[in-house]
Amino acid sequence: MTDTLSLLRCWVVGYFNGQDKAVAREICSPDYALSIGDVVFAGRDDAWLPAVDVQMKAYPGMGMTAHQTLIGDGWAAIWFSEHGSTEGKAAAWSGVGIYRSNGRVLTGCVAQEDYMTRRRQLKSGQADPVDPPAVAPWDTVPQPRNPQAEAAVLQWLQGDWPRSPDAVRCDDDHLTGTALAFEVAETQVGELLSAGDHVAFNVRQTGRYLGGLPALASGPVAETLDVNGIVRVENGRVVEGRVIRDRMGLWARMRNAA
């Protein structure tokens, strides 16, 4: 048996940063599936690896930095940044992923990556700074599940965007000053996993887009928003964390419908 965080370390260090597909085939099951919003790459060799290979060819020196990790029974979560250069233009974009394993290999991941901020940087020619790495991301100690923290996060996720506290950083709001405005009517949970006072989540929110995306008219427009995050709860309240929302998927759907 191998804990999921150790497998995730091999994924980041050996496969992604080493760009070695042999490592991926060793640590990921043949039916490994990656879900990002409405897109699912099901199958390690036929779907997922070819999709990542396209990105690695576009960004030949691309790497990944781990900013925070959590570990639980059969799962691990990571806040990360990917960064690299394509056609002479560099960019850094954050993501939050939740990985599952069967104790031997990784079986799947549900992730969000901020492709909208990558698009902004490539268009402007000005790259954002990469957030500081975690000091020891692969030495994170497992913590017991915390149902109270999970309940607090679930309640917090019922609220509209933008929201407080400011210590919860969403997408690139802290860099651009332009926040996505979305009125939440319903939240469907994909994953909600706690380790001590930290909670990792993947949810799909149904509601109304109100504004904040580039080159789109303000709402209201009935839509959905896929959201991943890692947040910390203190005294029953969310006090800090990192959240990535599928702004690119939302933007693409609305542009195509216009």
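What follows is a chat about rings, cores, a hairpin and one serine.

Q: Before we start, what kind of model is this?
A: It's a predicted model, where local features need pLDDT of at least 70, side-chain atom pairs count only at pLDDT 80 or more, and totals for chains, interfaces and linings use all residues. Residues are numbered from 1 along each chain as its sequence is written, and side-chain values use heavy atoms, with hydrogens and water left out.

Q: OK, how many aromatic pairs turn up in the whole structure?
A: Nine. Rings of Phe, Tyr and Trp (its six-membered ring) pair if their centres lie within 6.5 Å; planes under 30 degrees apart are stacked, over 60 edge-to-face, and the rest tilted. Take Trp 11 and Tyr 15: the ring centres are 5.4 Å apart and the planes are at 75°, so that pair is edge-to-face.

Q: How far apart are Trp 11 and Tyr 15 along helix H1?
A: Four residues, which means about one helical turn within H1 (residues 4–16). Helices here are DSSP runs (H or I, at least four residues), strands are too (E, at least two), and both are numbered from the N terminus.

Q: Is Tyr 15 buried or exposed?
A: Buried, at a relative accessible area of 1%. The cut-offs are under 20% for buried, over 50% for exposed and partly exposed in between, using a 1.4 Å probe and protein chains only. Tyr 15 also pairs with Trp 48: the centres are 5.4 Å apart and the planes at 55°, so this pair is tilted. Since Trp 48 lies in helix H3 (residues 44–58) and Tyr 15 in H1, the pair ties together parts 33 residues apart in sequence.

Q: Which residues make up the aromatic cluster?
A: Trp 11, Tyr 15, Phe 16, Tyr 32, Trp 48 and Tyr 99 form one cluster.

Q: And the largest nonpolar core, how many residues has it?
A: 33, and those with the most contacts inside it are Trp 11, Tyr 15, Tyr 32 and Trp 48. A nonpolar core means buried Ala, Val, Leu, Ile, Met, Phe, Trp, Tyr and Cys residues joined through side-chain atoms within 4.5 Å. H1 gives the most to this core, with seven residues. A second, separate core of 28 residues includes Val 153, Val 184, Leu 225 and Met 254.

Q: Switching topic: how do strands S1 and S2 run?
A: Antiparallel, with four bridges joining S1 (residues 28–36) to S2 (residues 39–42). Strands pair if DSSP finds at least two bridges between them. S1 and S2 form a hairpin with two residues between them, and Gly 37 in the turn has a positive phi of about 60°. Leu 34 stands opposite Phe 41 in S2.

Q: What does Trp 48 touch, leaving aside neighbours within four places in sequence?
A: Its contacts include Leu 34 and Phe 41, along with Cys 28 and Gly 43. Contact means heavy atoms within 4.5 Å.

Q: Last one: where is Ser 194?
A: Ser 194 sits in strand S8 (residues 181–195) and counts as buried at 5% relative accessibility.

Q: What does its side chain reach, on Asn 146?
A: The Ser 194 side chain reaches the backbone nitrogen of Asn 146 at 2.7 Å. The side chains of Ser 194 and Glu 150 are joined by a polar contact of 2.6 Å. A polar contact is a pair of N or O atoms within 3.5 Å; within protein, one must be able to donate a hydrogen and the other to accept it, and residues adjacent in sequence count only if both atoms are side-chain atoms.
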